[in-house]
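Hi everyone, thanks for making time for this.

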Amino acid sequence: MLRARFAALSEASLRIGANLDLETVLQEVADSARALTEARYASIATFDETGAPGDYVVSGLTEEERRRLLNWPDRHKLFEHVRDLDGPLQLADFTAFLRSLGLSDGLMMPFKVFLGTPIRHQGVHVGNFYLEGERTFTSEDEEILVLFASQAGAAIANAHTFRAEHQARADLEALVETSPVGVVVFDAQAGQPISFNREARRIVEKLHAPNRPPEELLSIIICRRADGRETAFSEYPIAQALSTGETVRAEEIVLSTPDGRSVTTLVNATPIPSRDGVVGSVVVTLQDLAPLEELDRMRSEFLSMVSHELRTPLAAIKGSTAAVLGEVRNFAPAETRAFFRIVDEQANRMIGLVADLLDAGRIDAGTLSVAPEPTEIAALVEGARTAFLSGGGGHTVLIDLPPNLPQVMADRERIAQVLGNLLVNAARQAPESSPIRITAECERAHVAISVVDEGQGIAPERLAHLFRKHAGASGSKTGGSGLGLAICKGLVEAHGGRIRAESAGPGQGARFTFTLPVADEAGVRHTDPDRSAPTLQHEADRILTVDDDPQTLRHVRDALAGAGYAPLVTGDHRELAQIIRNEQPALVLLDLALPGTDGIELMQTVPELSHQPVIFISGYGRDETVARALETGAADYIVKPFSPTELVARVRAALRRQTDSEPFVLDTLAIDYDQRLVTVAGHTVELTPTEYELLRVLSLDAGRVVGYETLLARVWGKRASNDWKVVRAFVKQLRAKLGDDAAEPSWIFNVRGVGYRMPRPGEPQET
């Protein structure tokens, strides 16, 4: 019997070691241990470095017993009690043990004796191994359990390592693939490329002839260097680096083919030696210089356009003065006044153009200033229409404003300039027979004002480029300096608003919409003159700014102090947690890029930030960067350079959202965010911090699907293991505590393969 048992043990060890899939290995471990110890039931529960539940494997249960175990409401409470085992533990009466812990005995399993042991690997506790049966386990059974637990520990540790390495590799590959610089890896022995990233493939496609193999390019490409020399690719230093290990740094090369295709690139080549010192591969980066050349072309066109715009009024002024001062001076007084009127009009035109150029320069330098004050929108719009019509505008301007619009914070002269530019732009695009409409609507903390025309419309591919400084300089059939929309963008953003353009396509007209912060919401308008002015709500609010740039800290500190806040500033992110604990700021302004770390990493690793409203401040304005930052739970994102007005407006909006958080009520489920209290039908539901945070995140995004990755980032942060099973396990726990049936849920709905969603209050229930 002993030999048979050892033979079975050896066979089980071989089967376990022959498989690399963690779930299969754990199932084999549980099955083998149960068979060798004659246990009725075996289970393995794993958890990650943070103690969150991971895989859960059972062996020996019928389908009914498995369902009963998974639906047992106290299953996770038992897990918490036996999670931190120091060594093997045997219980002679498992049911009595459950009662001693105050747990329900509704499990009704056919076993009585319990044997458990921790699963460790190199001193790290990674899980527990349990056996249950009807007889007392022997010391040999205990040794078998410990032996199999060590094998399970090695498998779990290897799986964690593999997952981490796989994730790191995937992150690196994604970074290289999405890089704006082309990357090509050459095999030094074969002299052939073995991988291209997306940008490198795009550059090569410019040279690739249809119906010809890509490999042929290497034999026909001609490299023209900056000094005019032309060499075949085989003679170029990249090829030499494949064998000699030479490094190429920032050479401007024109790559061309015999049929006339060419592309100008900036080339770097770095040899990668193998362990024996021989060059194994060479990494080549290619930067397409065409966008820089296009930028230079646009600058030349812009200078040419500005020169033309200045030359036209100067020519008219020169012609008029020459006529008046010429040899023939017998003009009638009326004719002389006409010449002077031309001089005056053209001088005003030049003044306007120079003012536009100065505004554009201030916007680029971040020095444009505005002086907003509470202003009625109707007065702004009516004044802009009057100025447009008196200036020669031939279109009908229709104003459609809803009643009771709140006042906005606006520099009247500057917003009149924005409306004037948008009206002129609309007039250029539409025939005089069609009207121009000005509408407005309130959007919570902002008012959106729109200028709508029925003109030639805008192609979808041009919408993203309309507000660039040179967008109107080329291809414009209607004239204009190309500065008007760019100045509108700068002025609106200086007020803390945003501007956008919409069009259904050519011939469908266009809508330009900009937003301004509401004055009432900012706490600056008081309509009762008999009462003394109340203290502003934000007057005592502390705002913490974390940035390693002293100029930014000074800029932010002055803006916040001027708005009545109490600014706290630091350039050392290591002080962040201590400052939050000591000062308890109402909001944190966090730089995205910091020495040795970044703001997103701090959001995931500093627990004190988890319940603080955070606004990122950064020089990076790419959509994917903003989206990634907001997915971590940030309240807002401001792109440098920003004006004091925009900063204060965004801080006010974030604090307002924080203080105005109303309880979430969905049928009988209620969440009081201020008290962190969850009730169902009036009864309090006890949740762990992780369960509450999961429910809070889902409820704040009610009506939208929240993906697994987003939940891992916002609930678990840096502790996340990138394993969706963690999310599923906690959702299962949360549903059990809320009494939400997974088969027919009322509150938490599964979106297969994506994540979970909660319906909005008042939204029809899903079926």
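Let's begin at leucine 419. If we leave out its neighbours within four places in sequence, this leucine is in contact with Leu380, Val381, Ala384, Ile449, Val451 and Phe514. Please keep in mind that what you see is a predicted model.

Now let's step back from that one residue. Leu419 belongs to the largest nonpolar core, which has 37 residues. Together with Ile449, Phe512 and Phe514, Leu419 is among those with the most contacts inside that core. Which elements give two or more residues to it? On the helix side, they are α12 (377–390), α13 (412–429) and α15 (484–494). The strands that do so are β15 (408–410), β16 (436–443), β17 (446–453), β18 (499–502) and β19 (510–517). The largest share comes from α13, with six residues.

Next, a few spots in the backbone. Have a look at the loop between β26 (636–639) and α21 (644–659), where you'll find proline 641. The peptide bond leading from lysine 640 into this proline is cis, with omega near -10 degrees.

Further along comes aspartate 667, in the loop between β27 (664–666) and β28 (669–672). Its phi is near 60 degrees, a positive value in a residue other than glycine. Is aspartate 667 buried or exposed? With a relative accessible area of 62%, aspartate 667 is exposed, because the cut-off for that word is over 50%.

Alanine 681 gives us another case of this kind. This alanine is not a glycine either, yet its phi is positive, at about 55 degrees. You can find alanine 681 in the loop between β29 (677–680) and β30 (683–684). Its relative accessibility is 51%, so alanine 681 also counts as exposed.

Finally, the cysteines. A disulfide is a covalent bond between the sulfur atoms of two cysteines. How many disulfides does the structure hold? The number is zero. Cysteine 223 is buried, with a relative accessible area of 1%. Cysteine 488 counts as buried too, at 0% relative accessibility.

That's my tour for today, and I'm happy to go back to any part of it.

Terms used. Residues numbered from 1 in each chain as written. Predicted model: local features only at pLDDT ≥ 70, side-chain atom pairs only at ≥ 80, totals over all residues. Heavy atoms only, no water. Core = buried A, V, L, I, M, F, W, Y, C linked by side-chain atoms within 4.5 Å. Buried < 20%, exposed > 50% of the residue type's maximum accessible area, 1.4 Å probe, protein only. Helix = DSSP H or I, 4+ residues; strand = E, 2+ residues; numbered from the N terminus. Contact = heavy atoms within 4.5 Å. Disulfide = S-S within 2.5 Å.
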